[in-house]
Amino acid sequence: MSTFDTVWETSLEEEGFVLSKKRVVAMLAVGLLALAGCGSDDGGGSSSGASSGGGGGDNITLGFAQVGAESGWRTANTKSIQDSAKEAGIDLKFSDAQQKQENQIKAIRSYIQQKVDVIAFSPVVESGWDAVLNEAKRANIPVILTDRAVDSQDKSLYKTFLGSDFVKEGHEAGAWVVNEYKDAPGPVNIAELQGTTGSAPAIDRKEGFTAEISKDPKFKITQSQTGEFTRAKGKEVMEAFLKSGKKIDLLFAHNDDMALGAIEAIEGAGLKPGKDIKIVSIDAVHDGMQALADGKINFIAECSPLLGPQLMDLVKKVKAGESVPARIETEETTFDQAAATAALPDRKY
Ligand code: AHR
């Protein structure tokens, strides 16, 4: 039996218990729980509940289904959401899907069953959400997409999508490559570490990057595989790329963590990252920025994980029945070595 099944059955038993008692006993129990600041479990992967205080979000419960803890970016994103909920006085029910869509779907169903006020989630992959989003809609629970999009045609299934333009990030990375090699004769052999297969950032970043390098046939992606957005997998796949014996001039990593894993593989093979093999990546988390400042990465397109404050504002607005923009794009920049060195002392994640 999985953790989720245990949690699910426990919550059902608890609910059955409450229903079987006299109303006054149930009300007292709820009151005591609220006083003790307890949250309930949310299903899927690991989960936690946390009451929060202050900030005008009284009586709002937000169920948030997170992707996982695969990267430095994700860790910073989770902290931003948890801190901001607390600051806003929103009761946050949080679950970690461990990069599995089925866990996220179970968590969302659990939030529907618990009748939370708002559901927010960062979809592991783009497709396969219509059924559960329709269930939320039928239960009159508004949904907010954060960080990653879904490919549903029915836009009424969610109120808004808050997050980065991943296609733009791919374009920025590709444009840097085109400029860097503008006087080089070619071919320029590129290895690519893709993010989680089927995820919006993996699909969109590849699209933007490919659009740029396709402008000149000298750029060739000679090896491409998923590194699942993790450092460990990035290292493993880069080791395999290097062992293939194919020449690699440049690595495009869909995030910093995979680039950092690849750096370990490149150094392990006796080569110099940033020189023998140039590296372009996306995110600009602290460790990535340090590697850029150290000359081991050559360029990073930023993807900000600090979505918490904007998300809590949106939660309050949709709970109050106010209209919100259908798309809210995160403001981001790009970094070369000098910019990373200058930004590092104040970097928040
Ligand atoms: O969805 C955002 C992406 O997910 C980040 O770029 C990556 O680091 C994370 O795992």
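Where is glutamine 104 found? Glutamine 104 is found in helix 4, which covers residues 101-113.

## Basis of the model

This is a predicted model, in which local features need pLDDT of at least 70 and side-chain atom pairs count only at pLDDT 80 or more, while totals for chains, interfaces and linings use all residues. Residues are numbered from 1 along each chain as its sequence is written, and side-chain values use heavy atoms, with hydrogens and water left out.

## The chain as a whole

The chain has twelve helices and 13 strands, where helices (H or I, at least four residues) and strands (E, at least two) are DSSP runs numbered from the N terminus. Of its 349 residues, 50% count as buried; buried means under 20% relative accessible area, exposed means over 50%, and partly exposed lies in between, with a 1.4 Å probe and protein chains only. Among the contacts in the chain with a separation of 6 or more, 76% come from residues 24 or more positions apart, a contact being heavy atoms within 4.5 Å.

Glutamine 104 is buried, with a relative accessible area of 0%. Leaving aside neighbours within four places in sequence, glutamine 104 is in contact with Ala65, Gln66, Val67, Ala97, Phe121, Ser122, Pro123, Val124 and Trp129.

A search of the whole structure finds five aromatic pairs; rings of Phe, Tyr and Trp (its six-membered ring) pair if their centres lie within 6.5 Å, and planes under 30 degrees apart count as stacked, over 60 as edge-to-face and the rest as tilted. The rings of phenylalanine 64 and phenylalanine 94 have centres 6.0 Å apart and planes at 5°, so this pair is stacked. Because phenylalanine 64 lies in strand 2 (residues 61-66) and phenylalanine 94 in strand 3 (residues 91-96), the pair ties together parts that are 30 residues apart in sequence. Both phenylalanine 64 and phenylalanine 94 are buried.

## Nonpolar cores

A nonpolar core is a set of buried Ala, Val, Leu, Ile, Met, Phe, Trp, Tyr and Cys residues joined through side-chain atoms within 4.5 Å. The largest such core has 28 residues, of which Leu193, Met238, Phe241, Leu251, Ile279 and Ile297 touch the most other members. At least two residues of this core are supplied by each of strand 7 (188-194), helix 8 (231-243), strand 9 (250-253), helix 9 (256-268) and helix 10 (286-293), and helix 9 gives the most, with seven residues. Apart from this core lies another, of 22 residues, among them Phe166, Trp176, Ile213 and Phe219.

Leaving aside neighbours within four places in sequence, leucine 193 is in contact with residues including Gln225, Val237, Met238, Phe241, Leu251 and Met258. Alanine 259, whose place is in helix 9, is buried with a relative accessible area of 0%. Alanine 259 and serine 281 are 22 residues apart in sequence and 6.5 Å apart in space, C-alpha to C-alpha.

## Around the ligand

The residues around the ligand are Glu70, Ser71, Trp73, Arg74, Asp147, Arg148, Phe166, Pro201, Arg205, Phe229, Asn255 and Asp283, each having a heavy atom within 4 Å of it. A polar side-chain atom of serine 71 lies 3.1 Å from an oxygen atom of the ligand. An N or O atom in the side chain of arginine 74 is 3.0 Å from an oxygen atom of the ligand, and for arginine 205 the corresponding distance is 2.9 Å.

## Backbone and charge details

Phenylalanine 229 lies in the loop between strand 8 (219-226) and helix 8, and its phi is near 70°, a positive value in a residue other than glycine. At 3% relative accessibility, phenylalanine 229 counts as buried. Alanine 284 lies in the loop between strand 10 (278-283) and helix 10, with a phi near 70°, again a positive value in a residue other than glycine, and counts as buried at 0% relative accessibility.

The peptide bond from glycine 186 to proline 187 is cis, with omega near 0°, and the place of proline 187 is in the loop between helix 6 (166-180) and strand 7. The charged end of lysine 278 sits over the ring of tyrosine 181, 5.5 Å from its centre; a charge sits over a ring if NZ of Lys or CZ of Arg is within 6 Å of the ring centre and within 35 degrees of the ring normal.

Definitions and conventions:
A polar contact is a pair of N or O atoms within 3.5 Å; within protein, one must be able to donate a hydrogen and the other to accept it, and residues adjacent in sequence count only if both atoms are side-chain atoms.
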